[in-house]
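Subject: Structure for you to look over

Dear colleague,

Here is the structure I said I would pass on to you, with the sequence alongside. Below it I have written out what was found, and I would be glad if you could read the notes with the structure open.

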Amino acid sequence: MEIINPSGKQVFSVETEFCGRKLTLEVNRVGFRSTASVLVTYGQTVVLGSVVVGKKPVVQDFFPLTIDYEEKFYAAGKISGSKFLKREGKPADEAILVGRLIDRPIRPLFPKGYRQEVQVVTTVLSMDPRFRPDMVAMIAASSALMLSGTPFDGPIAGVRIGRIGGEFKAFLSPEEREQSIMDLVVACKDGKVMMVEAGANEVPEAMIIEAMHWAVKAVQPVLDLQRELAEEVQPEQQAYELVLPDEAIQEKVEDWYKTHAGDQVRGNVLERQSVIERLKDEMHAEFAPELGEGETEEEKLADYEERMKGEYDQAFDLAVHHEVRRGIIEDGVRPDGRKLDEVRSLSSQVGILPRTHGSSLFTRGLTQAMNIVTLAPLSFAQVVDTMEVNDGKRRYMHHYNAPSYTVGEPGRIGAPGRREVGHGYLAERALLPMLPSEEDFPYAIRSVTEIMSQNGSTSMAATCSSCMALMDAGVPLKRPVSGVAMGLMLDVPAGEEITADDIDKAYVLTDLMDAEDFAGDMDFKVTGTIEGITALQMDMKVHGLPVDILEKAIEQSHAGRMFILEHMLSVIPASRPEISEYAPRIEKLMVEQDKIGAIIGKGGETINKITSETGAMVDIADDGLVTIAGENEAIAKALAWIKSLVEEPEVGKVYEGTVATIKDFGAFVTILPGVDGMLHISQISDKRVENVSDVLKVGQKVKVKLTAIDDRGRLSLTMKGVEQ
């Protein structure tokens with residue numbers, strides 16, 4: 001049935017099969033005032049993708065694109081678990097990470113110099129609990145942009161892939177994600193990869209490559225569907241202007257830079273930056289217009305700055321980037337003089353802070369990361385409260401900080417931004433598979449990276465410094481982890497299609513630094529152990545790359561990772577055998593799940609009494625893992641108390657019991673909490689006892705031996721031969 005919405009437009013949809021389910025894209029049902037809106041349905045997940053485009057270009061030197069991923073608890077039939085906040089507010093880290101995940105393959109597909117403000121909002125309205133909704137949100141964002149009339153060179157689509165039973169599978173259930181050895185997100189554009197992000201349990205490089213090929217084929221029906229929708233809608237293309245330097249100015253500045261820069265911008269990185277700043281000042285002085293009649297030098301420069309300085313600045317920055325590319329492609333020389341596969345100089349220390357539980361300082365070139373590890377009882381793990389049903393807890397938390405002084409600039413210190421959240425999460429994923437289990441190491445672990453100096457690849461420095469600080473803290477890692485950032489320069493003219501045949505024109509750089517990142521075509525971070533990859537993240541600046549070129553980068557990254565790992569192990573060969581004297585001591589005990597109630601007691605009465613009287617901190621997990629933290633004496637008291645609460649009676653063991661009741665034929669003695677045994681009158685003494693009350697009193701402490709447990713669970717006790 002034809003539906004006309006209040007705006008007078010027809011509601012219609014297109015659909016296709018995608019990874020075993022029907023995918024539907026619908027327009028004109030909601031979002032009448034936005035530039036473009038698409039309602040995407042996949043299974044029982046429904047996501048609204050909305051785009052609003054500003055009317056005029058923004059006067060700034062970057063593309064003002066924002067992409068938000070909005071979690072709604074109602075989508076999963078939930079109310080927030082927070083006691084104080086029930087309304088959705090500040091996005092959780094998980095939502096920020098998904099927003100970044102969607103942003104990264106989309107941003108490069110707008111032309112350089114595009115300055116219209118573009119806001120993309122993906123809102124999860126309904127969530128199918130059988131899979132995560134993030135890739136549906138990516139499709140919603142791309143579909144809406146395809147209808148926005150902007151110069152978006154899409155479409156794109158992504159899949160989150162796992163490995164189950166030796167096969168790749170997308171849209172895994174929560175149970176399948178637990179079983180999978182990898183969690184890989186690949187965003188694609190017509191046979192090419194735009195973005196990769198993964199966490200893995202020491203997966204071979206070849207398996208990552210195979211998964212990328214699988215993803216490229218899997219998303220093609222979704223790309224075709226978005227084009228079909230755009231063909232139906234026929235969106236009006238919006239007029240725009242690119243903010244780029246005039247071609248004549250760019251050519252003039254390029255020629256000037258080539259003749260003036262020379263070798264002085266190669267070598268020492270700190271000196272290079274000051275040289276470039278000086279050259280920019282000289283360039284302005286040379287290209288400022290001649291003095292007019294009656295005009296002062298100050299007036300001339302003021303007029304130049306008002307009209308042309310920004311354009312010359314932009315041309316100069318592009319000239320610097322072009323020279324970096326030319327040096328690498330034509331001369332095989334990097335800005336700091338390294339070979340393409342060479343890692344910068346390394347220097348590291350551990351145990352540098354006296355009172356922390358673990359610390360390290362990792363320096364690679366001018367990039368420097370200090371890491372501090374703190375250990376705490378498991379109750380300090382972070383409760384994750386999102387719209388997804390299986391929230392769980394984060395026992396290991398990696399936080400990353402990079403203030404503006406680390407790049408030599410003043411700036412406001414505030415809450416961490418998206419970049420900080422993303423870098424911390426990448427380093428966290430890198431180490432997570434190598435952590436010991438809670439049973440083996442019952443601690444919550446917080447790892448904080450304080451970047452001290454930035455010059456490229458800080459997230460990989462965070463990974464390496466975190467690994468070393470964990471080892472310094474005595475965390476028994478399964479294997480140490482190192483990471484390296486890979487770059488790429490393509491000797492392919494701008495705008496020309498990049499194919500697998502261009503692999504010989506792809507110059508892969510090991511250990512990317514800032515100047516190469518700004519001028520390059522890719523930033524690819526890889527972490528892992530000697531056994532395989534634990535995490536990776538790849539961002540593009542070109543409109544997609546064939547998997548064959550990415551394979552070349554992954555293969556080259558292995559040697560770089562191993563070189564860095566060798567350096568790390570020369571500083572700290574293994575995790576310390578003992579934790580810091582300042583870290584809390586924790587003992588653990590596994591109990592049967594049906595005994596948990598005995599430890600907690602009615603309304604928490606028993607566990608509160610244990611903690612208050614011993615001074616120890618006691619935590620109990622649902623699986624029966626009991627952890628006790630505190631000073632040694634407090635731990636010993638609490639541990640003995642808990643053992644008495646959950647201990648099973650053992651025949652032949654002597655117990656210190658309490659006389660509970662007295663009968664003519666004997667007494668009932670409590671030997672364990674809630675466990676009474678029968679002490680017959682004949683077992684009280686080697687001598688004849690006429691009356692039980694002559695020997696025993698209610699509440700009296702006596703030592704008894706358990707002699708038997710009958711088939712009905714009744715206990716028989718004796719005092720004979722037991723020293724009182």
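In this predicted model, I445 touches V373, T374, L375, R395, Y396, M397, L435, L470 and V475, leaving aside residues up to four places away in sequence. I445 is also one of four residues, together with I106, F524 and L545, that touch the most other members of the largest nonpolar core, which has 147 residues. Helix α2, residues 134-146, gives the most to this core, with 10 residues. Apart from it lies another core, of 19 residues, which includes I671, I684, V689 and V692. As background, nonpolar side chains in soluble globular proteins tend to be buried together.

The aromatic residues come next. In another pair, F63 and F110 are tilted, with 4.8 Å from centre to centre and 50° between the planes. F63 lies in the loop between β5 and β6 (65-70) and F110 in the loop between α1 (93-106) and β7, so this pair ties together parts that are 47 residues apart in sequence.

By contrast, the C-alpha atoms of V46 and H321, which are 275 residues apart along the chain, are separated by 43 Å.

Further along is a hairpin. Strand β8 (residues 157-164) and β9 run antiparallel and are joined by 4 bridges, with I164 standing opposite E167 in β9. There are 2 residues between the strands, and G165 in the turn has a positive phi of about 60°. Strand β9, residues 167-170, has a covered face made of F168 and A170, and an uncovered one made of E167 and K169. In a regular strand the side chains alternate between the two faces of the sheet. The charged end of R163 sits over the ring of F168, 4.4 Å from its centre, and elsewhere K252 lies over the face of F287, at 4.7 Å from the ring centre.

Lastly, the cysteines: how many disulfides does a search of the whole structure find? The search finds 0. For C19, the closest cysteine sulfur is that of C188, and at 11 Å the two are too far apart for a bond; C19 counts as partly exposed, at 32% relative accessibility. C467 is in no disulfide either, as the nearest cysteine sulfur, in C464, is 7.6 Å away, and C467 counts as buried, at 0% relative accessibility.

With best wishes

Key
Residues are numbered from 1 along each chain as its sequence is written. This is a predicted model: local features need pLDDT of at least 70, side-chain atom pairs count only at pLDDT 80 or more; totals for chains, interfaces and linings use all residues. Side-chain values use heavy atoms; hydrogens and water are left out. A nonpolar core is a set of buried Ala, Val, Leu, Ile, Met, Phe, Trp, Tyr and Cys residues joined through side-chain atoms within 4.5 Å. Buried means under 20% relative accessible area, exposed over 50%, partly exposed in between (1.4 Å probe, protein chains only). Contact means heavy atoms within 4.5 Å. Two strands pair if DSSP finds at least two bridges between them. Rings of Phe, Tyr and Trp (its six-membered ring) pair if their centres lie within 6.5 Å; planes under 30 degrees apart count as stacked, over 60 as edge-to-face and the rest as tilted. A charge sits over a ring if NZ of Lys or CZ of Arg is within 6 Å of the ring centre and within 35 degrees of the ring normal. A disulfide is a pair of cysteine sulfur atoms within 2.5 Å.
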